[in-house]
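The structure is a predicted model.

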Amino acid sequence: MPASVKDVAALAGVSSSTVSNYLNHPHVLGEASSAKVRDAIEKLGYVPNESARQLRAGSSKALALILLDAWLPYFHELSRGVEDVAREGGWSLFFSNSARDAALERRNIDMFEAHRVQGIVIYPLDDVVPRLEQLAERGIRSVVVGPIPDSSTVGSVRFDDRGGGRLAGEHLLSIGRRRILFLGAPSVSQSNDRLQGLRDAAAGSDAAVDVFDVPHLTTEDGLDIAERIIALASADRPDAIFAANDMVAIGVLTRLLREGIRVPEEIALVGFDDVAQAHQTVVPLTSVRQPGYEIGRAAGAALIRQLTDPSADLPAPTPFAAELVVRESTVGR
C-alpha cells in the first residue's frame, strides 16, 4: 500500500500535524523538524494526495473546459489553445463535453463546482451567464467563448461570425452565384449569426437565400442533406452552398462528387472554420477561417488573468476578425 501521512510521521518521530504543516505550511516549521519529515518522505517514497489537500483547503490550481461538441476538429484546436496557456501558467485543466445537450451542460457546470475548480472556460449551448454569475459570487470565475449578455463578472472571447458569413456571401455573389443555400443548426447562435451575415451580403441584390437545417453540424449531416439536394431537379438546385462549418461542407462535397455533380462548376461550396481537412479534400474547400487555437489561448489567458488579479478588467469585447480563404471549391483550378 502507498505510504500515508501517519507512516511519514511515525518514521520521522513527529506528529501527523507536523507532516501536514511541512506539506501545506512549511514556513511554520523549524529546520530540524523539516529535515526529519523530508528524510522520511524520501525513504518511504510518499506522494501527497493533492486532490484531498485541495478539497481541505477549499481551492485548487485547476481549471475546467466545457466544450459544445468535442468531436468536431474546431474544438480540438480551441481546447489545445486553452490547455497550452493553462500548462504554461502551472494550472491543471479538466475537460468535459456537453454534446449539444443543455441538461448535460448544466450537469457539467455543477460537477466542476463540486470539484472546486478555480475557473471555467465554456463554449455553451444555452445562456449560462446567470449560472456563471452565481459561481463568480463563490470565487469561481468564467470566460465564455462566444457572445453573451452584458455581465460584470463573466468574461467572453468572441469571433465575428456575422462578418464571416458576410465574407462568404460577398465572395459567392462576386463569382456570379445567385441561388445560395445555407446549411446550419438553428439551435447554435453562431450558426444563426453566420446566416445573418450571408443575408446581409445578399440584401439589395438579385440573389435568393434558402436554408436547410442540419441537427449536429457533422460530416454525416452533410452526407444526409446532400441527398435532398441531389433529389432536386437540376434547375431547382442551388448554384452555391454555404455550410455553417467545414465538416458539413465536406460531407456535402463528398456526396456531390460521388453523384458526378461538379464542384464548383455546377455548385460552388463554402465552409466555415478552415480546419485542416478543408485543404485536404479532393476539391480543396473555400472556408472562413476561425482561429480556434488563438481563441482558446485568449480565453484561457483571460481566465487566468482574472484569477491572479481579481481586479483585472474582463476581456475586451472586440471580436476576432474573420478571414476568407479561397480555394478550388468556389473558383476552380
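How do the residues of the lining of the largest cavity divide into nonpolar, polar and charged? The lining holds eight nonpolar, four polar and three charged residues.

**Cavities**

In this predicted model, the count comes to two cavities of 30 Å³ or more. The largest cavity is lined by 15 residues, and those nearest its centre are Phe75, Arg100, Tyr123, Arg194 and Leu217. Two elements, α5 and α9 (189-202), each give two or more residues to this lining. The greatest contribution is that of α9, with three residues.

The lining of the second largest cavity includes Tyr74, Tyr123, Arg158, Phe159 and Gln290. By class, this lining has seven nonpolar, three polar and two charged residues. The volumes are given below.

| Cavity | Volume |
|---|---|
| Largest cavity | about 120 Å³ |
| Second largest cavity | about 60 Å³ |

**Helix α5**

Helix α5 covers residues 73-88, a run of 16 residues. From first C-alpha to last, α5 reaches 23 Å, close to the 22 Å expected at 1.5 Å a residue. Its buried residues are Pro73, Tyr74, Phe75, Leu78, Ser79, Gly81, Val82, Asp84, Val85 and Ala86. Just after α5, glycine 90 takes a positive phi of about 80°.

**Aromatic contacts**

A search of the whole structure finds six aromatic pairs. One of them joins tyrosine 74 and phenylalanine 75 in an edge-to-face arrangement, with 5.3 Å centre to centre and 70° between the planes. Tyrosine 74 counts as buried because its relative accessible area is 6%, and phenylalanine 75 is likewise buried, at 4% relative accessibility.

Phenylalanine 182 and phenylalanine 242 also form an edge-to-face pair, at 5.4 Å centre to centre and 65° between the planes. This pair links distant parts of the chain: phenylalanine 182 belongs to strand β6 (residues 179-184) and phenylalanine 242 to strand β8 (residues 240-243), 60 residues apart. Phenylalanine 182 counts as buried because its relative accessibility is 2%. For phenylalanine 242, which is also buried, the relative accessible area is 0%.

Arginine 194 lies over the face of phenylalanine 272, at 3.9 Å from the ring centre. Elsewhere, arginine 228 lies over the face of phenylalanine 212, at 3.8 Å from the ring centre.

Definitions and conventions. Residues are numbered from 1 along each chain as its sequence is written. This is a predicted model: local features need pLDDT of at least 70, side-chain atom pairs count only at pLDDT 80 or more; totals for chains, interfaces and linings use all residues. Side-chain values use heavy atoms; hydrogens and water are left out. Rings of Phe, Tyr and Trp (its six-membered ring) pair if their centres lie within 6.5 Å; planes under 30 degrees apart count as stacked, over 60 as edge-to-face and the rest as tilted. Buried means under 20% relative accessible area, exposed over 50%, partly exposed in between (1.4 Å probe, protein chains only). Helices (H or I, at least four residues) and strands (E, at least two) are DSSP runs, numbered from the N terminus. A charge sits over a ring if NZ of Lys or CZ of Arg is within 6 Å of the ring centre and within 35 degrees of the ring normal. The expected span of a helix is 1.5 Å times one less than its number of residues. On a 1 Å grid over the protein atoms alone, a cavity is a set of points where a 1.4 Å probe fits but cannot get out, and a pocket is an open set with protein on both sides within 12 Å along at least five of seven lines; lining residues have an atom within 4 Å of a point. Grid points are joined across faces, edges and corners, and a volume is the space filled by probe spheres set on the points. Ala, Val, Leu, Ile, Met, Phe, Trp, Tyr, Cys and Pro count as nonpolar, Asp, Glu, Lys and Arg as charged, and the others, Gly among them, as polar.
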